[in-house]
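Visitor: I should like to learn how to read the features of a structural model. Could we take them in turn, with the general idea before the particular case?

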Amino acid sequence: METASSKRPTPSSTTTDDSAPPTKKIKTIAEVPAQYSDAVRKKLAATSRTGQACDRCKERKMKCDSDPVACQPCRQKGLRCYTTDRVTGHARERGESDRTENELSFLRDQLAAYQQRYGPLQHGEPSSTGLATASRGSISHAAPYTASSTVSVPDAKYVGWPAPDHSERLHSGPVKGTVVDIMDGTIDIADWECDMMKDYPEETMNKFNLSRTSIVNTIYGYQRVGDPKLPPKEEALRDSNHFLVIMSQYVPVVHRPSFMDLVNRFYDRPETVTAAERVQVVIVFAIIAHQTAVRNHLHSAEKFEESHSYFHYGLGFYRELLHDPSLASMQAMALIIVHLRNLPKPGISWNYCHEVLLRAIELEYHRDPDKIQLPDDETDPLSKELRKRVFHSILGVCVTTGCRVGLPAPWQFQHIDLPLPKPIKDSEISKHGIAPEPSGQCDFWPCLHLAKLLPLLTELHNHIVAVRKPAAEYLRTVEALNAKIIAWRQDWDDSMRSESNRHVNLLVATLLFETWAAEYQLNLHHPVCCTSEDPEVIERHLDICHKSAKRLLQSFHILSSRYKGVDFTWHSTLAYATGFGITLYVYRRRKGPMTVEQFEAMRNELKGWTSLMAYADLVLRTGNHLQRQFQPRVQALEEEYRRLMVDQCPKPPGTQNPISTANGSSTSPPINVEQQAISFQEPSNPNSLKHRNSFPQSMFMQSQMLPQNPPQSPFSHQQPWPTTYTLLPQPQAQGQIPGQGSALTSPIFPSFSQATPSGLSPPGTYPPVPTSLASLLNDSGNFYMGYQTPPPNQNGLGGTAGRGGGGDPSMAFSPNHYFDGPGPLTWPLISMPPGQQS
């Protein structure tokens with residue numbers, strides 16, 4: 001018996017009959033996903049049970065609650081509460097979705113504000129994920145270096161020769177060659193007559209100095225100097241040791257034990273010395289004689305003559321060096337450009353340095369010696385390491401005298417696969433191999449760290465100085481390069497923490513690196529290169545520039561007073577001139593009413609810069625060229641501020657006047673300024689305490705002395721600046737009574753006064769003049785001579801005056817720091833007493 005099926009017929013099994021009675025139609029409603037979420041949410045609210053227990057409670061079969069951040073059992077155990085999604089299988093922390101939505105909303109608002117200010121983002125920009133990943137990586141394990149932050153893809157459009165229609169206009173930064181833009185004009189720091197580099201007609205022969213004509217005539221064989229008078233062997237060994245200990249740490253062109261052996265052979269067995277080795281020795285003699293002449297003004301004429309004789313004798317072998325592919329010849333040419341780097345004016349240095357660089361690239365010194373075919377006599381470990389050192393030294397000179405000062409760089413780092421030299425002491429490596437257990441110390445730490453700065457200087461020139469990018473791209477570039485220079489500066493501090501007993505050379509190197517980092521940030525944020533019109537960005541960059549300038553001034557005074565280690569060459573002077581110019585520009589731009597204390601702090605800072613320029617005039621022998629450029633600007637700025645100065649609030653009885661009648665300076669703490677990203681903190685080394693001292697008192701003309709009773713009003717400082725500072729007390733004639741004026745004049749500085757004002761310390765108490773080489777070369781037993789203990793009324797730079805008052809530790813200037821003399825104009829300039837310089 002058949003029974004009817006209990007199943008309801010499916011729509012497909014039913015027959016559609018138009019004549020059948022109409023069936024019931026279901027009203028369709030537009031579905032919205034939110035309506036189901038609302039329905040589920042209402043059901044969850046109507047019950048006390050948790051919609052989904054957390055993983056811990058579910059696994060342990062515990063009662064869980066619906067706390068949106070973390071359930072109570074996880075809170076009690078201090079655990080993060082995770083719940084695994086049943087569909088995706090991903091475990092997420094409670095509340096993570098809400099936090100992510102809030103962050104996403106915030107980022108969208110930020111992006112909208114960015115696009116409203118700077119315009120839409122450009123296509124093809126690197127993803128933020130890649131940048132974040134790179135920023136978290138270690139510096140030593142960074143990605144391979146690329147000069148551009150974006151992938152370089154050539155354009156498929158053919159335009160033929162791109163200039164000038166399809167290329168951007170070339171720009172320059174605050175420094176271009178020897179010309180500095182100080183925002184109210186330009187200053188050429190090399191626009192002065194230099195006797196040792198004075199040119200002469202081309203037809204004149206056998207005249208040997210540092211001019212372009214003289215050097216070219218010697219190089220190309222038109223003139224040749226005779227055999228120079230060599231120093232005694234003991235003096236030669238002493239000078240060679242000075243070069244190796246002090247300068248070789250920055251340019252390790254030669255191997256210390258090998259070079260000392262070469263000097264001995266040069267005197268004992270001269271027939272065994274090749275032409276390239278002979279050039280190495282005499283160029284070192286030229287470098288040392290030049291540096292000694294800079295320090296000893298009484299014997300400078302004869303020392304400069306010796307230096308020129310050695311230098312041109314070495315240049316006479318230029319054709320032999322150029323045809324000789326040996327390592328010794330490249331070392332000799334590297335030493336020649338080291339000497340050209342230290343000249344007071346550029347001269348032929350930039351041209352010759354790049355000729356040597358091209359010769360090194362031709363001989364594949366830019367390649368990893370383990371990846372190329374080397375000559376048979378250069379396959380030993382020492383020769384491979386010297387190839388690395390020579391190329392890094394040559395490239396360092398080319399960058400510091402090239403793109404660092406706004407000149408183009410005819411190379412690309414993508415084409416250089418040369419690694420850094422191994423950090424090792426010269427006594428631990430020889431032609432036979434490397435010591436099995438190196439000490440971990442190195443004789444040229446500064447060279448290794450300077451090599452890491454060269455790509456950053458090239459990037460600064462290529463992406464900031466020579467181009468003008470859109471505002472958004474410019475700001476991203478500035479931020480990226482600023483992060484790099486901060487990391488470079490921090491890298492040196494981190495590497496020095498492993499040095500338990502730090503040599504004084506490393507303390508000097510730390511100050512020099514602080515100077516170069518400040519110079520980098522100054523040029524990076526300089527208003528000449530800024531393309532943003534946002535007032536907030538402009539003011540922020542000016543603040544960074546001003547603080548960088550203060551760091552330059554701070555490092556200069558520590559280097560000059562404690563270590564005599566200021567690197568004063570024409571390219572280093574450019575950085576100081578840029579810092580002085582931006583300081584004047586900031587004070588002019590933000591001119592407004594100020595109190596007496598603020599005025600004295602500003603005046604004190606400007607006097608510090610003026611002293612620095614006077615020091616540069618002395619060392620470079622410019623005839624006060626830099627002082628004449630800056631002093632009228634300083635005087636005009638002070639006059640404008642005096643008219644805007646507001647009266648000081650009355651003080652309680654017995655409180656000291658802010659303007660001291662003894663020295664014309666304020667005793668109030670310095671103005672608080674925000675600490676910059678990089679601030680130099682000199683390490684607390686017990687061995688360095690003996691070098692701590694304030695600046696010496698200066699020697700001034702009698703006409704610069706103020707009256708015995710100076711006015712008490714702060715407006716009484718409206719006295720004309722002296723046209724030049726008197727720096728050099730001259731030697732006394734025989735029979736002359738100390739304290740009386742002398743009729744003698746210096747052959748180098750005939751314009752300086754002979755008179756010594758009464759009441760100042762005798763000449764014997766003055767320390768030697770600081771110069772570009774960080775030692776006193778006429779004292780073989782003490783490379784860094786310490787200054788005497790300061791009087792109680794003097795404050796050391798970086799002392800407690802600036803630290804305890806809450807000021808900027810990198811600019812610990814107190815208003816009375818530089819005024820320890822009979823009047824407000826007694827700035828402690830550097831003096832050179834004859835008794836300690838001969």
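Visitor: Is K384 to be read as buried, partly exposed or exposed?

Guide: This is a predicted model, and every value discussed here is computed from it. A residue counts as buried under 20% relative accessible area and as exposed over 50%, with partly exposed in between. K384 has 21% relative accessibility, so it counts as partly exposed.

Visitor: With which side chain does K384 meet in a salt bridge?

Guide: Side chains of opposite charge can pair when their charged atoms come close. Here K384 meets D370, with 3.1 Å from N to O. D370 lies in the loop between α13 (349-362) and α14 (381-400), whereas K384 belongs to helix α14, so the pair ties together parts that are 14 residues apart in sequence. D370 is exposed, at a relative accessible area of 55%.

Visitor: Where do E385 and K388 lie?

Guide: An α-helix has 3.6 residues a turn, so residues three or four places apart point the same way. E385 and K388 are both in helix α14, three residues apart, which is about one turn of the helix. They form a salt bridge whose closest N and O atoms are 3.0 Å apart. Both E385 and K388 are buried.

Visitor: How many salt bridges does the structure hold?

Guide: The structure holds 35 salt bridges. One of them joins E473 to K469, with the closest N and O atoms 4.0 Å apart. E473 is partly exposed at 26% relative accessibility, and K469 is buried at 18%. Salt bridges also link R489, D493, E514 and R551 in a network.

Visitor: How many disulfides are counted?

Guide: A disulfide is a covalent bond between the sulfur atoms of two cysteines. The cut-off for the sulfur pair is 2.5 Å, and by this rule the count is zero. C447 is in no disulfide, as its nearest cysteine sulfur, that of C442, is 8.3 Å away. C447 is buried, with a relative accessible area of 4%.

Visitor: What span should helix α12 have, and how far apart are its end C-alpha atoms?

Guide: Helix α12 covers residues 327-341, and at 1.5 Å a residue its 15 residues should span 21 Å. The end C-alpha atoms are 21 Å apart, which agrees.

Visitor: What is the order of the strands in the open sheet of three strands?

Guide: The order is β3-β4-β5, and the pairing is antiparallel. β3 (175-176) and β5 (186-188) are at the edges with a single partner strand each, so one side of each has no neighbour in the sheet. Two bridges join β3 to β4 (residues 179-181). V175 has V180 in β4 as its bridge partner.

Visitor: Which residues form a nonpolar patch on the surface?

Guide: M205, Y220 and Y222 form such a patch, and together they have about 370 Å² of accessible area. Y222 is found in the loop between α6 (212-219) and α7 (233-247). Y222 counts as exposed, at 57% relative accessibility.

Key: Residues are numbered from 1 along each chain as its sequence is written. This is a predicted model: local features need pLDDT of at least 70, side-chain atom pairs count only at pLDDT 80 or more; totals for chains, interfaces and linings use all residues. Side-chain values use heavy atoms; hydrogens and water are left out. Two strands pair if DSSP finds at least two bridges between them. Helices (H or I, at least four residues) and strands (E, at least two) are DSSP runs, numbered from the N terminus. Patches are made of residues with over 30% relative accessible area and no salt bridge: like charges are joined within 9 Å, nonpolar side chains (Val, Leu, Ile, Met, Phe, Trp, Tyr) within 5 Å. Accessible areas come from the Shrake-Rupley method with a 1.4 Å probe; for residues, only the protein chains shown count as cover. Buried means under 20% relative accessible area, exposed over 50%, partly exposed in between (1.4 Å probe, protein chains only). The expected span of a helix is 1.5 Å times one less than its number of residues.
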